[in-house]
Amino acid sequence: MTRPRPRSLGDVGEHAWLASLIPRLRSARRRRRVLVGPGDDAAVLGAGDRPLVLTTDALVEGTHFERGWASPRALGRRAYRVAASDVAAMGATPIAALLAVTAPPSMSARDLTGLTAGVAAEATAHGAALVGGNLARDARLALTVTVLGEAPGAVVRRSGARPGEVVVVTGALGAAAAHLANRRANRRAGRRVRLPEVPDRAAVGVALAGVVSAMIDLSDGLSQDLGHVCRASGVGAMVALADVPVAASCRRRFGPAAPAAALTGGEDYELLATLPPAALAVARRVAARHGVALAVVGRIVARPRGVRVVGPDGRPWTPARGGFDHFR
Ligand SMILES: [Mg+2]
């Protein structure tokens, strides 16, 4: 009799594995100072008079970027913003960052200085400081940024969405999906394509925190990230494909298929939030003050659970792919 092969990460998938991990970390939640344990955009600690928010994110060469897609400084900025995006989604302001780098010995010292300067400059722009980190050798370049933030009021969790509320997103979606598609086309032609900038939603995230009931940053794609909100809140959501705000580069790349690409593509790092319809005008004003557009893309329903999408013809629409998973 043959023993069954142990299941690989590819078999299980990133999100299913994380879902199995979280119950095993239950003891973390019982600690007095852990206000929000694993499973949200960031952890929340009660260590001072304001909630402290803590998150970490890695950018790995060959997975998230290739060298030449961005200047070292822009790559450092991106690594910081990707991590800070989770702090913004909790309604908190960054106060400090740590940077862990793995790099091959062949990498130029100047490039590493540029990367670090990108992280430090971006942290400073948010009123935060790069206070430490680690450097180790590896065949691939990887940047892991940890951000510590402070919430001026209560933190916003994924679990606050209620039936009858509207679902809004900041900015426009699909620029990262367009980049991915352009990259594939250009690799064949031997051309390099620059990574789109991660939007800076730090200030608007904090400003919206007083108005919204739930919030998440869009790292895995609207449909999948809204699914995380629905699961945490025990609700369902209806999304109108025609109402998804589409980035210009996504429209150019995908034409009529652009709204679908914007709905399912990952790495846009815009914010998605839910709020009562009566609060929408205030939320729009708050966002506008930060120069950010807010689009209503759907509403929260009690049943069925999960995300349903309605196509432009009013009929149910099923995405061809469900969003990003690192291992599948
Ligand atoms: Mg997140």
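Donors are N, O and S atoms within 2.8 Å of the metal (3.2 Å for Na, K and Ca), and because water is not among the atoms, sites may look incomplete. The model is predicted, so local features need pLDDT of at least 70 and side-chain atom pairs count only at pLDDT 80 or more, while totals for chains, interfaces and linings use all residues. Residues are numbered from 1 along each chain as its sequence is written, and side-chain values use heavy atoms, with hydrogens and water left out.

**Exercise 1. Find the protein donors of the magnesium ion and describe their spacing along the chain.**

Step 1. The protein donors are Asp-41 (OD), Asp-86 (OD) and Asp-217 (OD), which lie 2.0 to 2.2 Å from the magnesium ion.

Step 2. Along the chain, these donors follow the spacing D-x44-D-x130-D.

Step 3. Asp-41 sits in the loop between β1 (34–36) and β2 (43–45), whereas Asp-86 belongs to helix α4 (residues 72–89), so that this pair, 45 residues apart, links distant parts of the chain. Helices (H or I, at least four residues) and strands (E, at least two) are DSSP runs, numbered from the N terminus.

Step 4. Both Asp-41 and Asp-86 are buried, where buried means under 20% relative accessible area, exposed over 50%, and partly exposed in between (1.4 Å probe, protein chains only).

**Exercise 2. Work out which strands stand at the edges of the open sheet of six strands.**

Step 1. The six strands come in the order β1-β2-β3-β6-β4-β5, and their pairing is mixed; two strands pair if DSSP finds at least two bridges between them.

Step 2. β1 and β5 (129–137) stand at the edges, because each has a single partner strand, and one side of each is therefore left without a neighbour in the sheet.

Step 3. Inside the order, β2 pairs with strand β3 (residues 52–60) in the antiparallel sense over three bridges, and Val-44 stands opposite Val-53 in β3.
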